[in-house]
Amino acid sequence: MLWTASFCLLLASWSVLGAPANKQKQKVLLVSFDGFRWDYDRNVDTPNLDKMAKDGVKALYVTPPYLTITSPTHFTLLTGRYIENHGVIHNMWFNTTTTEKKPYYQTQFVNEWWDNGTLPIWITAQRQGLKAGSLHFPGTASSYQGQVAMVREVEPLLYNYKNETAWQENTDKVMGWFRDQDLDFVSMYFGEPDGTGHRYGPDSPEIREMVKQVDRTVGYIRHSAEQHGLSDRLNIIITSDHGMTSVYRDGLVEEITLSKIPGFSFTDLSFHLVDYGPSGMLLPKPGQLEKVYNALKGAHPHLHVYKKEDMPERLHFTKNDRILPIILWADPGYVINGYFPVQFHKGEHGFDNEEMDMKAFFRAVGPAFHKNLEVGPFETVNIYPLMCHILGIKPEVNDGHLSVTEHMLATSTRGEFTAD
Ligand SMILES: [Zn+2]
């Protein structure tokens with residue numbers, strides 16, 4: 001329904017408004033710091049993030065789509081679509097027939113996992129005459145309908161995502177792309193503070209140190225933009241894919257271990273995806289769906305069990321063939337174990353996106369944005385139409401609405417491609 005409605009509106013506004021006004025082209029840098037929870041700046045001195053809010057826009061928080069894990073939520077940033085609509089439903093590619101699974105990094109190179117009908121903003125921008133690039137952003141390695149971001153860099157398999165010197169080098173590299181190759185849009189990804197949040201937990205001294213490193217890097221990004229002479233054209237949006245919450249350790253609570261649940265047996269399944277934080281998906285063998293469902297439903301007070309078609313609509317995690325018939329998720333603090341506990345992270349994400357600990361941060365600064373403006377929360381699907389608007393390109397069909405974010409824009413930049 002939404003699809004049809006927004007598509008018609010988009011066509012209507014396109015024909016009414018016509019071509020963009022002829023003015024200096026604005027550029028956009030989209031930066032993601034993986035797992036930067038909305039309130040990580042609360043107990044840490046973050047002068048650069050504070051300065052950015054003063055010079056631009058800060059949202060109280062942003063809500064990622066469900067499932068709140070890296071590749072799916074990043075693809076939402078690039079497409080403005082909920083996960084059920086863009087189809088990158090998990091960090092892991094899997095095949096239910098062969099039961100083969102590929103981890104996060106290997107899945108980056110499985111083209112058909114990413115290229116399944118929805119175009120990321122790089123391709124749309126390039127098709128409309130702009131130049132786009134991407135550094136380390138999930139989805140960069142794949143091609144889309146035969147096209148790739150014209151300048152791109154994919155990190156090697158064994159990459160140290162924490163190295164601050166590399167962060168600065170990558171920043172200068174991206175600014176060089178903007179200046180020397182005149183790119184209009186670049187997406188850039190940093191793998192922290194996610195790794196530190198998993199390892200030490202979101203309330204640890206280690207996370208506070210990493211938040212300071214992020215803050216210094218935010219200052220470095222802005223400084224580098226200035227050094228490259230980009231300040232009057234470059235808009236910098238800094239956000240994240242999800243938050244982080246503490247995991248209750250064994251002994252404190254009754255853990256969720258599926259094999260211990262009476263009446264449940266892995267032999268009733270032809271495929272399962274569990275032991276991946278608080279979420280899971282099951283494909284029962286033919287005729288076993290009710291048995292599996294009934295065994296699991298209500299088996300643990302902090303385990304939610306849904307048939308795919310009964311998933312709450314607000315999660316937008318139903319309408320895709322890749323989503324398996326039974327979906328499990330745990331309350332904050334819990335993870336879902338299969339045969340026995342194999343997960344030992346102190347921090348985790350992948351929970352319901354209504355949980356405050358899953359919310360991400362958002363800052364934006366540049367000529368398109370108001371200064372010193374704090375706005376209320378919004379869903380990250382709305383970042384895509386905002387970026388398209390600033391770039392002056394016609395967005396693809398998407399689930400976001402420019403009306404949700406356009407109050408962040410300085411009046412002079414409004415008025416093009418209001419697809420909403
Ligand atoms: Zn993570």
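Trainee: Where does Thr 99 lie?

Mentor: Thr 99 sits in the loop between strand E4 (93-95) and strand E5 (100-102). Numbering starts from 1 along each chain as its sequence is written. The model is predicted: local features need pLDDT of at least 70, side-chain atom pairs count only at pLDDT 80 or more, and totals for chains, interfaces and linings use all residues.

Trainee: What is the phi of Thr 99?

Mentor: It is positive, about 60 degrees, although Thr 99 is not a glycine.

Trainee: What makes a stretch a helix or a strand, and how many are in the protein chain?

Mentor: Both are DSSP runs numbered from the N terminus: H or I over at least four residues for helices, E over at least two for strands. The protein chain has 13 helices and 20 strands.

Trainee: Why is the protein chain called as compact as a globular protein of that length?

Mentor: Compare two values. The radius of gyration, taken over C-alpha atoms, is set against a globule rule of 2.2 Å times the number of residues to the power 0.38. The rule gives 22 Å for 420 residues and the chain has 21 Å, which is close, so the label holds. Along the principal axes, the C-alpha atoms fill a box of roughly 65 × 50 × 35 Å.

Trainee: How do you know that E9 and E18 pair?

Mentor: Pairing takes at least two DSSP bridges between two strands. Strand E9 (residues 234-239) and strand E18 (residues 362-365) have four, in the antiparallel sense. Ile 238 faces Arg 363 in E18.

Trainee: Which sheet has E9 and E18 in its order?

Mentor: An open sheet of eight strands, ordered E7-E6-E8-E1-E9-E18-E2-E19, with mixed pairing. What makes strand E7 (151-153) and strand E19 (373-375) its edges is that each pairs on one side only. Neighbouring strands here are turned by 10 degrees against each other on average, direction ignored.

Trainee: Which helices lie across these strands?

Mentor: Helix H2 (residues 47-55) lies across strand E2 (57-59) and E18, at about 60 degrees to E18. Helix H12 (residues 383-391) lies across strand E1 (27-33), strand E8 (185-190) and E9, at about 155 degrees to E1. The angles run from 0 to 180 degrees between N-to-C directions, with axes fitted to C-alpha atoms, for helices over the stretch in contact.

Trainee: Why is H8 called roughly parallel to H10?

Mentor: The axes of helix H8 (residues 164-180) and helix H10 (residues 205-227) come within 10 Å and cross at roughly 25 degrees. That makes H8 roughly parallel to H10.

Trainee: Which residues of H8 and H10 meet?

Mentor: Contact needs C-beta atoms, placed from the backbone, within 7 Å. Among those in H8 are Trp 167 and Met 175; among those in H10 are Tyr 220 and Ile 221. By class, the contact has five nonpolar, five polar and two charged residues. Ala, Val, Leu, Ile, Met, Phe, Trp, Tyr, Cys and Pro count as nonpolar, Asp, Glu, Lys and Arg as charged, and the others, including Gly, as polar.

Trainee: Why are H2 and H10 called oblique?

Mentor: Their axes come within 7 Å and cross at roughly 50 degrees. H2 and H10 are therefore oblique to each other. Pro 47, Asn 48, Leu 49 and Met 52 of H2 touch Asp 215, Arg 216, Val 218, Gly 219 and Arg 222 of H10. The classes are four nonpolar, two polar and three charged.

Trainee: How many bridges join E12 to E13?

Mentor: Five join strand E12 (residues 269-276) to strand E13 (residues 279-284), running antiparallel. His 272 stands opposite Leu 282, and Phe 271 has Leu 283 as its bridge partner. The hairpin has two residues between the strands, and Gly 277 takes a positive phi near 70 degrees.

Trainee: Which order does the sheet of four strands have?

Mentor: It is open and antiparallel, in the order E12-E13-E15-E14. E12 and strand E14 (303-307) are the edges, each pairing on one side only. The twist averages 15 degrees from one strand to the next.

Trainee: Which peptide bonds are cis?

Mentor: One runs from Tyr 66 to Leu 67, with omega near 10 degrees. Leu 67 is in the loop between strand E3 (62-63) and helix H3 (70-79). Another joins Glu 192 and Pro 193, with omega about 10 degrees. Pro 193 is in the loop between E8 and helix H9 (194-200).

Notes:
Contact = placed C-beta atoms within 7 Å. Parallel < 35°, antiparallel > 145°, perpendicular 65-115°, else oblique.
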